[in-house]
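Here is a short briefing on one protein model. Keep the sequence and the 3D view open while reading.

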Amino acid sequence: MNIIISAGGSGGHIYPALAIIDEFKKREKNVNVLYIGTHNRMEKDIVPKKEIPYEFLEIYGFTKDIKRDIKNIFLIRKAEKKCLKIMKSFKPDIVIGVGGYVTYPVIKTAKKLGIKTFIHEQNSRPGKVNYLVSRYADVIGITFESSRFFLKKAKKIVYTGHPSLDGALNTKKTDKTMLGFSISKKLVVYVAGSLGSSSLNQKMLDFLNSDLHRSYEILYIVGSNVNVEEFKKKITNLKGIKVVPYFENLPGIMASSDLVISRAGAGTLFEIIGLEKPSIIIPSPNVANNHQYYNAKELEEKKIIEVIEEKNLTKEILAKKIDTLLNNQEKINLLKKNMVEYKKIIPSETIYKTIKELIRSSK
């Protein structure tokens, strides 16, 4: 079996793609995978390290820079020609797109050659590229049921969930005492996002410099773009607070926590569901289509998470929500009960079976 998979630009696209690859390698003895990504984004470093054959396309997202966008139109045509050459040589049984602008020429070329295509949408509001290529795809896998409304040109839509749920279900707890935390105190893990957020960090400093959190301990994962030492200097009392730029085994430490505070990336949300953790979600307002807000609101409506919009965040509001989610067992039990519905399906297995059926239908 030959598979071409394409995803790029951010971990939110790349890691689900890698999870799909892992599932196929686990279930198929003879599977050849070729990954098509960009020439300059993070997948070009991540994917080859996993010894997955990699082809790159020089392509960019569209902006309001007319000269750059005109150049990009020519680059897209060039990318389509390269995809044509790759596919005629590799002869894929299926072409899979998992998001990012690099997938546009990949899926379009596959459609032109009559190769079956599957795309996966992680967010409740489909990205621009997935919306555009939805008319080319034979099947679209979705994470949020609300995505159906925006994919009206799709031939077939299957609810698959998000692959990060699978990993969370098998996560082993990290020993929090190895990080200097107490067994007797509850732990709140705050995840600012992979790069961090200066606006949110400033608001959080008001909370950290108050006395509203002294009954529990905090692991503050501030983001790799933030100077940790400079940030720590702004905190008047670091007792019970540990600040780090990133945490390698994030699901492991989240599993050991009593509460998670996070942005609303789809992967993180479904890790929280898999781990059955009470959470306070602060969606980033600086993302395409405001998709984090809609991701969070859909789960909030189902009473699975608590949401605070960044514009409404104050130390008092945050402290009150934390206290409720740490100490109100009835509330905690309700959140966990409502998570069960999302755990009835195994995402990677569902995606695998859906794609296998699609391949069989083409024989």
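Which residues does Glu 55 touch, not counting residues up to four places away in sequence? Glu 55 touches Leu 34, Tyr 35, Ile 36, Gly 37, Lys 82 and Ile 86. Bear in mind that this is a predicted model.

- Glu 55 is part of strand 3.
- Its relative accessible area is 28%, so Glu 55 counts as partly exposed.
- Glu 55 and Leu 34 are 21 residues apart along the chain, yet their C-alpha atoms are separated by 7.4 Å.
- Pro 53 sits in the loop between helix 2 (43-49) and strand 3 (54-57).
- Pro 53 is partly exposed as well, at 46% relative accessibility.
- Beyond residues up to four places away in sequence, Pro 53 touches Val 33, Leu 34 and Tyr 35.

- Glu 217 belongs to strand 9 (residues 217-221).
- Glu 217 is buried but has no salt bridge.
- The nearest side chain of opposite charge is Lys 176, 5.3 Å away.
- The Glu 217 side chain does reach the backbone nitrogen of Ser 182, at 2.9 Å.
- Leaving out residues up to four places away in sequence, Glu 217 touches Phe 181, Ser 182, Lys 185, Lys 186, Leu 187, Val 188 and Gly 240.

**Salt bridges**

- Side chains of opposite charge can pair when their charged atoms come close.
- The model has 21 salt bridges by the 4 Å rule.
- One of them joins the side chains of Lys 356 and Glu 28, at 3.0 Å from N to O. Lys 356 is in helix 14 (residues 347-361) and Glu 28 is in the loop between helix 1 (11-27) and strand 2 (32-38), so the pair ties together parts 328 residues apart in sequence.
- Are these two partners buried or exposed? Lys 356 is buried, because its relative accessible area is 18%. Glu 28 is buried too, at 16%.
- Lys 116 forms a salt bridge with Asp 138, and their closest N and O atoms are 3.8 Å apart. This pair links distant parts of the chain, 22 residues apart. Lys 116 is in the loop between helix 4 (103-113) and strand 5 (117-121). Asp 138 is in the loop between helix 5 (128-133) and strand 6 (139-142).
- Lys 116 is partly exposed at 23% relative accessibility, whereas Asp 138 is buried at 14%.
- Glu 276 forms a salt bridge with Lys 343, with the closest N and O atoms 2.8 Å apart. Glu 276 lies in the loop between helix 10 (266-275) and strand 12 (279-281), and Lys 343 in the loop between helix 13 (329-339) and helix 14, so the bridge ties together parts 67 residues apart in sequence.
- Glu 276 is partly exposed, with a relative accessible area of 26%. Lys 343 is partly exposed at 23%.
- Salt bridges with shared partners join Glu 23, Lys 26, Arg 27, Glu 349 and Lys 353 into one network.

**A nonpolar surface patch**

- Which residues form a nonpolar patch on the surface? They are Phe 62, Ile 66, Ile 70, Ile 73 and Phe 74.
- Together these residues have about 530 Å² of accessible area.
- Phe 74 is found in helix 3 (residues 66-90).
- Phe 74 has a relative accessible area of 53%, so this residue counts as exposed.

**Positive phi angles outside glycine**

- Lys 91 is not a glycine, yet has a positive phi of about 55°.
- Lys 91 lies in the loop between helix 3 and strand 4 (94-97). Lys 91 is exposed, at 57% relative accessibility.
- Lys 303 also has a positive phi, near 55°. Lys 303 lies in the loop between helix 11 (291-301) and strand 13 (306-307).

Note on methods. Residues are numbered from 1 along each chain as its sequence is written. This is a predicted model: local features need pLDDT of at least 70, side-chain atom pairs count only at pLDDT 80 or more; totals for chains, interfaces and linings use all residues. Side-chain values use heavy atoms; hydrogens and water are left out. Helices (H or I, at least four residues) and strands (E, at least two) are DSSP runs, numbered from the N terminus. Buried means under 20% relative accessible area, exposed over 50%, partly exposed in between (1.4 Å probe, protein chains only). Lys and Arg count as positive and Asp and Glu as negative; His and the chain ends are not counted. A polar contact is a pair of N or O atoms within 3.5 Å; within protein, one must be able to donate a hydrogen and the other to accept it, and residues adjacent in sequence count only if both atoms are side-chain atoms. Contact means heavy atoms within 4.5 Å. Patches are made of residues with over 30% relative accessible area and no salt bridge: like charges are joined within 9 Å, nonpolar side chains (Val, Leu, Ile, Met, Phe, Trp, Tyr) within 5 Å. Accessible areas come from the Shrake-Rupley method with a 1.4 Å probe; for residues, only the protein chains shown count as cover.
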